Amino acid sequence: MEVAGDKYRSILNEEAKSTQWRHGGPPIFDKVNKLFEEGRTKEWPKGSIEETVQNAVKSWEMELSHKTSLNDFKTINPEKFKLIVNGRKDLSGEETLQLGSYNALLKNSLPKEFQYYRADEETFKSSHDAFRSAFPRGFAWEVISVFSGPPVVAYKFRHWGYFEGPFQGHAPTGEMVEFYGIGIMKVDEFMRAEDVEIYYDPAELFAGLLKGPVLNAIAETQQNKSADTSSSHHCPFSE
């Protein structure tokens, strides 16, 4: 199978025919690339450390979301890799791959009644479906600044998208939803990630996603209005 190239994820140009893709073939990022180019706040010089880190993280996220075997990953050292989010217990490569990027990043230990998103009740597929539904144009990611280079790369990032589809029972607002965070990534001599630490405030993300009115309430209101209109038009004793 011929693999489509991507200017931000160059490893797609080098994929083997034996690569195991989650959806049967290599992904195409045209929509989210367009969103990224239209909405980014920084445009880094080609070959700069900022561009290198930005493309490395985009490539890592691509592999995590679209490949099913760690043996096909080029962006991590599978024997050493671990992911730590907001200081929680680290996840191995296999654990991260099984959970999926959204569940891995949104998992938390709060009591269920206080959780914005219950990662323990979501599958890889349901989590990705939820965010693809909410952000039909994609969920773009950029590097804002890089504080240190390899082997320990520290950087600030921005993640954003337009809330134009429903999210877990909430109607879309059409507004931009964004959040910022800090990443610390230890890499080997081949720029493969060994340790990745991510720190961010999930409330920044969910403040936008839960802002839309509850769809059930909207439907009930519309149903009640329809019933009222129907009664007034068809019942001769209604006036």
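**View 1. Asp-6 and Arg-9 pair up through their side chains.** The two meet in a salt bridge at 3.1 Å, N to O; the term stands for a side-chain nitrogen of Lys or Arg within 4 Å of a carboxyl oxygen of Asp or Glu. Both Asp-6 and Arg-9 are buried, where buried means under 20% relative accessible area, exposed means over 50%, and partly exposed is in between (1.4 Å probe, protein chains only). This is a predicted model, so local features need pLDDT of at least 70 and side-chain atom pairs count only at pLDDT 80 or more, while totals for chains, interfaces and linings use all residues. Residues are numbered from 1 along each chain as its sequence is written, and side-chain values use heavy atoms, with hydrogens and water left out.

**View 2. A salt bridge joins Asp-120 and Lys-107.** Here the N to O distance is 2.7 Å. Asp-120 and Lys-107 both lie in the loop between H4 and H5, so the pair ties together parts that are 13 residues apart in sequence. (Helices are DSSP runs of H or I with at least four residues, strands are runs of E with at least two, and both are numbered from the N terminus.) Asp-120 is exposed, with a relative accessible area of 56%, and Lys-107 is partly exposed at 29%. Over the whole structure, a search turns up 16 salt bridges. Among the residues involved, Glu-15, Glu-63, Lys-67 and Lys-74 are linked in a network.

**View 3. Arg-158 has a salt-bridge partner and a ring to sit over.** The partner is Glu-178, with the closest N and O atoms 2.7 Å apart. This pair links distant parts of the chain, with Glu-178 in strand S5 (residues 176-187) and Arg-158 in strand S4, 20 residues apart. Glu-178 counts as partly exposed at 26% relative accessibility, whereas Arg-158 counts as buried at 4%. The charged end of Arg-158 also sits over the ring of Trp-160, 3.9 Å from its centre; for that, NZ of Lys or CZ of Arg has to be within 6 Å of the ring centre and within 35 degrees of the ring normal. Arg-137 does likewise with Tyr-162, lying over its face at 4.5 Å from the ring centre.

**View 4. Phe-36 and Trp-160 make a tilted aromatic pair.** Rings of Phe, Tyr and Trp (its six-membered ring) pair if their centres lie within 6.5 Å, with planes under 30 degrees apart counted as stacked, over 60 as edge-to-face and the rest as tilted. By this rule the count comes to 15 aromatic pairs. For Phe-36 and Trp-160 the numbers are 6.4 Å centre to centre and 35° between the planes. Phe-36 belongs to helix H1 (residues 30-39) and Trp-160 to strand S4 (residues 152-162), 124 residues apart. Phe-36 is buried at 1% relative accessibility, and Trp-160 is buried at 0%.

**View 5. Tyr-102 and Phe-131 stack.** Their centres are 4.2 Å apart, with 5° between the planes. Tyr-102 lies in helix H4 (residues 101-106) and Phe-131 in helix H5 (residues 124-134), so the pair ties together parts 29 residues apart in sequence. Both Tyr-102 and Phe-131 are buried.

**View 6. Helix H1 has a buried side.** Its buried residues are Val-32, Asn-33, Leu-35 and Phe-36. Turned away from that side are the exposed residues Asp-30, Lys-31 and Glu-38.
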